[in-house]
Amino acid sequence: MVLFGSLFNVLTIILGTLIGRFLHGIPERMKETIMYGIGLAVVAIGLQMTFATTQIVIVIVSIVIGAIIGEWMNLDGKINLLGQWIEGKLPAKKEGPGIAQGFVTATLIFCVGSMAIIGAIDSGLRNDHNVLVMKGILDGFTSIILSSTLGIGVAFSAVPLFLYQGSITFLASIISRFVPDDLLQFFISEMTATGGLMIAAIGLNLIGLTKIRIANFIPGIAVVAVAVTIVYAF
């Protein structure tokens with residue numbers, strides 16, 4: 001089932017939100033320890049994915065050029081500005097945050113990031129849902145924490161998340177039908193490896209060891225496609 005990963009992600013967000021509504025005042029130490037554990041698991045998964053490469057030079061070139069493009073476009077900054085603009089349009093009520101605030105905040109957190117893109121592509125190209133399952137677990141715990149303070153609106157973020165990830169997965173599955181199998185496998189291995197480094201960076205950020213602007217690496221996925229095509233052609 002090609003959309004299994006996205007459906008699992010949706011389920012964990014809804015379940016996490018419902019749990020969070022019954023868990024007010026979660027101790028900060030518990031939140032911190034949970035996020036550290038998830039962060040370590042994400043790092044491990046990212047590194048494991050990186051070992052899928054057969055051409056480490058492609059991974060390095062894609063990451064570096066992707067970072068240059070991302071920094072030039074300032075993707076991370078623009079995403080943050082978008083979040084600030086939306087939050088500015090939806091101020092919290094005095095008696096507490098409304099549904100809109102929880103919805104917008106959670107949507108930005110769950111949809112923005114390389115894990116959503118890479119996981120959706122992986123599901124579409126080779127029906128491998130490991131990345132989205134891991135993302136679902138991460139989003140589930142995050143939704144518990146968010147909904148304990150922002151309310152039930154967090155659950156509604158599952159709708160745009162499914163449309164976003166599902167669309168990427170569907171398009172990836174269509175593309176796979178028109179690309180030669182050996183080229184497709186080559187692209188999958190290098191895309192998986194490059195995306196793995198980005199996912200490992202997400203884990204490092206969660207642990208608090210780094211503050212990497214991961215969104216600025218996203219153009220690296222497009223660079224992988226170009227680099228793989230050039231190497232394959234020659």
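Leaving aside neighbours within four places in sequence, which residues is T210 in contact with? The first view below takes this up, after a few words on the model. This is a predicted model, in which local features need pLDDT of at least 70 and side-chain atom pairs count only at pLDDT 80 or more, while totals for chains, interfaces and linings use all residues. Residues are numbered from 1 along each chain as its sequence is written, and side-chain values use heavy atoms, with hydrogens and water left out.

**View 1. T210 in the loop between α9 and α10 (219–233).** Beyond its neighbours within four places in sequence, T210 is in contact (heavy atoms within 4.5 Å) with A201, L204 and N205. T210 has a relative accessible area of 25% and is therefore partly exposed. On this scale, buried means under 20% relative accessible area, exposed means over 50%, and partly exposed lies in between, with a 1.4 Å probe and protein chains only.

**View 2. V43 in helix α2 (residues 28–50).** With a relative accessible area of 15%, V43 is buried. Setting aside neighbours within four places in sequence, V43 touches A200, G203, L204 and I207. V43 and A201 are 158 residues apart in sequence, yet their C-alpha atoms are 7.0 Å apart in space.

**View 3. Helix α1 (residues 4–21) packed with helix α8 (residues 158–175).** Two packed helices are described by the angle between their axes and the distance between the axes. Here the angle is about 165 degrees and the axes are 9 Å apart. That makes α1 roughly antiparallel to α8. Angles under 35 degrees count as roughly parallel, over 145 as roughly antiparallel, 65 to 115 as roughly perpendicular and the rest as oblique. The axes are lines fitted to C-alpha atoms over the stretch in contact, and angles run from 0 to 180 degrees between N-to-C directions. On the α1 side, S6, L7, N9, V10, I13 and I14 meet A158, L161, F162, Q165, G166 and T169 of α8. By class, this contact has seven nonpolar, five polar and no charged residues. Ala, Val, Leu, Ile, Met, Phe, Trp, Tyr, Cys and Pro count as nonpolar, Asp, Glu, Lys and Arg as charged, and the others, Gly among them, as polar.

**View 4. Helix α3 (residues 56–73) packed with helix α9 (residues 181–207).** The angle is about 55 degrees, with the axes 9 Å apart. The two helices, α3 and α9, are therefore oblique to each other. Their crossing is right-handed, a term used if the near helix is turned clockwise from the far one by less than a right angle. From α3, I58, V59, S62 and I63 meet F186, E190, A193, T194, L197 and M198 in α9. Sorted by class, the contact of α3 with α9 has seven nonpolar, two polar and one charged residues.

**View 5. N74 in the loop between α3 and α4 (75–89).** Phi of N74 is near 55 degrees, a positive value in a residue other than glycine. At 35% relative accessibility, N74 counts as partly exposed.

**View 6. The protein chain as a whole, with ten helices and zero strands.** Helices (H or I, at least four residues) and strands (E, at least two) are DSSP runs, numbered from the N terminus. Of the 234 residues of the chain, 48% count as buried. Among contacts with a separation of 6 or more, 86% come from residues 24 or more positions apart.
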